[in-house]
Amino acid sequence: MDERRERALIDAGLVLSAELPLDLVLQRIIELAVAITGARYGAMGVLGEDGRIDEFITEGVSPTERARIGDPPTGHGILGALIRERRPMRLPDIAADRRSSGFPPNHPPMHSFLGAPVSARGTVFGNIYLTEKRGAPEFTEGDEQALVVLATQAGVAVENARLHQETRRQHDELQRLSVLEDRERIAKELHDGVIQSLFAVGMDLQAGASRAKDEELGRRIEGAVGEIDRAIRDLRNYIFGLRPGVLADRQLHQALRALGTEFETRSGVVTVVDVDDETAGSLASRAGDLVQMTREALSNVGRHAQAETCRVSLRRGKRDGTAVLEIDDDGVGIDLETLAEGMGLANLRDRVRALGGDIAFEGTAGEGTTLRLTIPI
């Protein structure tokens, strides 16, 4: 191997030793392979669990040319032979080899071929494919040796990138779990400490009100008890919001049903959840927003509606490509003309608009309220 190529391989090792994201590592591998061997075209085929090509990174072919060629290869012909044999392969002409399966329409002409597996610790991650040696009819033995060295370096780099990626994922998951644990701890302390203390104070005040001889004093004490009750409800709503775990490990339809059950237990309002599972499945990527909007709407029902029953429904909209989330109750209703932006309504409007949807209210004083959110799928 000549001195120039040895220096290039040393430089390649330094480049691949940097902590880069996996997609950048794969692209750099094929760029280096093309540069070191003098190939016109290069590709890196990443293998999936089934042993077929799961990802195909190219060099020397423009995006327009790739689009004209069509779907990337999955591992037939010469590429499949390299996957099966797991050893370097050098051919003067691809078409002349009996294992060749030809090229699809609009594929650039390719003759000379050089390939090598990328592996580490006995695991093959993928293969490097090079074609069309510049300035020569075929690749040389020196090209093959250089590619084997580069493929060895690449195997270590890919393994390191995957380990780094998995470490980051585990770190992020631990952080998420830590936040959830903190929220649960705060919620428990509020429930078991502050709320119980307020409840005890309210009980004492009620006992005092029943014994008060001054009628005005009795009314004031009852008013104070009412304020304490409202504070307790507000704290419970806050605790309810601290616990996003209703969505953890659940699909959207399961999360909404769990949310309805939790709200009924907390508020005493009989809550029915009617969810079309197929519609919920189509909104999986927006599940967090939909759960939070439902939680906000149920919180308003619990605080303001004085309802006995409530219904949460999710179904396909009348317009194509939409879903409708409704929360309705049989409470005191609202006056649409004087509807304020309080009660969390501003948050609801912001969330639904961020999803490209619409929000609407129906109801009159004394006849219950319907909140309707229309979301594009």
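Helices (H or I, at least four residues) and strands (E, at least two) are DSSP runs, numbered from the N terminus. The legends below describe a predicted model, in which local features need pLDDT of at least 70, side-chain atom pairs count only at pLDDT 80 or more, and totals for chains, interfaces and linings use all residues. Residues are numbered from 1 along each chain as its sequence is written, and side-chain values use heavy atoms, with hydrogens and water left out.

**View 1. Overview of the protein chain.** The protein chain contains ten helices and ten strands. Of its 377 residues, 39% are buried (under 20% relative accessible area; exposed means over 50%, and partly exposed lies in between, with a 1.4 Å probe and protein chains only). Among contacts (heavy atoms within 4.5 Å) with a separation of 6 or more, 62% join residues 24 or more positions apart.

**View 2. Helix 4 and the strands around it.** Helix 4 spans residues 77–85, and seven of its nine residues are buried. These are Gly77, Ile78, Leu79, Gly80, Ala81, Leu82 and Ile83. The buried residues of the helix pack against strand 1 (39–47), strand 2, strand 3 (89–91), strand 4 (113–120) and strand 5.

**View 3. Arg86, after helix 4.** Arg86 follows helix 4 and has a positive phi, near 55°. Its place is in the loop between helix 4 and strand 3. With a relative accessibility of 54%, Arg86 counts as exposed. Most residues other than glycine have a negative phi.

View 4. Gln306 lies between helix 9 (287–305) and strand 7 (309–316). Although Gln306 is not a glycine, its phi is positive, at about 55°. The residue counts as exposed, at 68% relative accessibility.

View 5. Val124 belongs to strand 5, which covers residues 123–133. Leaving aside residues up to four places away in sequence, Val124 touches Leu47, Arg86, Pro117, Val118 and Ser119. The C-alpha atoms of Val124 and Leu47 are 7.9 Å apart, while 77 residues separate the two along the chain.

View 6. Asp23, Glu49, Asp50, Asp54 and Glu55 form a negative surface patch. Patch residues have over 30% relative accessible area and no salt bridge, and like charges are joined within 9 Å; a salt bridge is a side-chain nitrogen of Lys or Arg within 4 Å of a carboxyl oxygen of Asp or Glu. Asp54 is located in strand 2 (residues 53–59) and is exposed, with a relative accessible area of 64%.

Notes. Patch = residues over 30% accessible without salt bridge, like charges linked within 9 Å, V, L, I, M, F, W, Y side chains within 5 Å. Areas by Shrake-Rupley, 256 points an atom, 1.4 Å probe, with all protein chains shown as cover. Lys, Arg positive; Asp, Glu negative; His and termini not counted. Charge placed at Lys NZ, Arg CZ, Asp CG, Glu CD.
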